[in-house]
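Visitor: I'd like to learn how to read a few features off a model. Could you walk me through them?

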Amino acid sequence: MKKYIVAAAFIIGTGAVITTTVQSCTTLATSDMGLSIIKKMLLNGIDKGMGIYANKEAFLQNNMVDKALPKELRDMNSMLEKVAPSLVAKERDFIAQAAAYTVNTSKPILQGAVNSLNAQDVTRIIQGTTATQILKEKTSQQLVAAIAPKVDEKLNEYGIVKTINTALSGSNFLGNLLGGNSNTVNAGGLSQLASEQLVNGIFNIIEDYENQNSKALLGPFGK
């Protein structure tokens, strides 16, 4: 009987210690120090992503950006490969130049969202949601809306839409895919897809940075 009482006391005592430890981690994580560390991690990820976007060669070689390519744009490029392979390279080059043009617009939006993170957001991070996902929820639509006009401006400046239409004149598929009439690509449709790629690409880079650094930075907080 005494053994069981001691064992029960030990379990209850251990449970109390575990609970206290978890609560301490959560309290610490949502403190100013924990919040500061998470913000710094995200800001570093943003800096890394913007550095890639500002450098055309780095942008073109980054697989995180390539993974963000929308299906419609990927399908269009597959068609272009059959009739004008060099045009795909030009299109990617022009989008890379447009990416650099959007840095000064998107960076302040992302930084502002990071600086607005609060204890509730950090609690979600400690519970398993990535910090990047929370940042994406807060800014994704705003970013696309903000950079789309700049992407459209650059793509029109380079004449890429007109070039694609010339190469694929008569293709009903592309008109249906990207908008416009039965045989032309709509400039706004292409710019929208390119903008979505740029936004999703930057989140891919930030999340990759978070995955590489979160264990070292957030481990002490129970993450």
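This is a predicted model: local features need pLDDT of at least 70, side-chain atom pairs count only at pLDDT 80 or more; totals for chains, interfaces and linings use all residues.

Visitor: How many salt bridges does a search of the whole structure find?

Guide: Side chains of opposite charge can pair when their charged atoms come close. The cut-off here is a side-chain nitrogen of Lys or Arg within 4 Å of a carboxyl oxygen of Asp or Glu. Searching the whole structure gives 6 of them. One of these joins lysine 56 to aspartate 93, with the closest N and O atoms 2.9 Å apart. That pair links distant parts of the chain, 37 residues apart: lysine 56 sits in helix α3 (residues 56-61) and aspartate 93 in helix α6 (residues 85-115). Helices here are DSSP runs (H or I, at least four residues), numbered from the N terminus.

Visitor: Is aspartate 93 buried or exposed?

Guide: Buried means under 20% relative accessible area, exposed over 50%, and partly exposed in between (1.4 Å probe, protein chains only). Aspartate 93 comes out buried at 18%, while lysine 56 is partly exposed at 31%.

Visitor: Which side chain does aspartate 121 meet in a salt bridge?

Guide: Lysine 138, at 3.5 Å from N to O. Aspartate 121 is in helix α7 (residues 119-126) and lysine 138 in helix α8, so the bridge ties together parts 17 residues apart in sequence. Aspartate 121 is buried at 8%; lysine 138 is partly exposed at 36%.

Visitor: Where is the kink in α8 centred?

Guide: A bend is the angle between axes fitted to the seven residues ending at a residue and the seven starting there. In α8 (residues 131-158), the kink is about 50 degrees and centred on threonine 139. After α8 comes glycine 159, with a positive phi near 70 degrees.

Visitor: Which residues touch the most other members of the largest nonpolar core?

Guide: Such a core is a set of buried Ala, Val, Leu, Ile, Met, Phe, Trp, Tyr and Cys residues joined through side-chain atoms within 4.5 Å. The largest has 52 residues, and Tyr53 and Leu135 touch the most other members. Helix α6 gives the most to this core, with 12 residues.

Technical notes: Residues are numbered from 1 along each chain as its sequence is written. Side-chain values use heavy atoms; hydrogens and water are left out. Helices (H or I, at least four residues) and strands (E, at least two) are DSSP runs, numbered from the N terminus.
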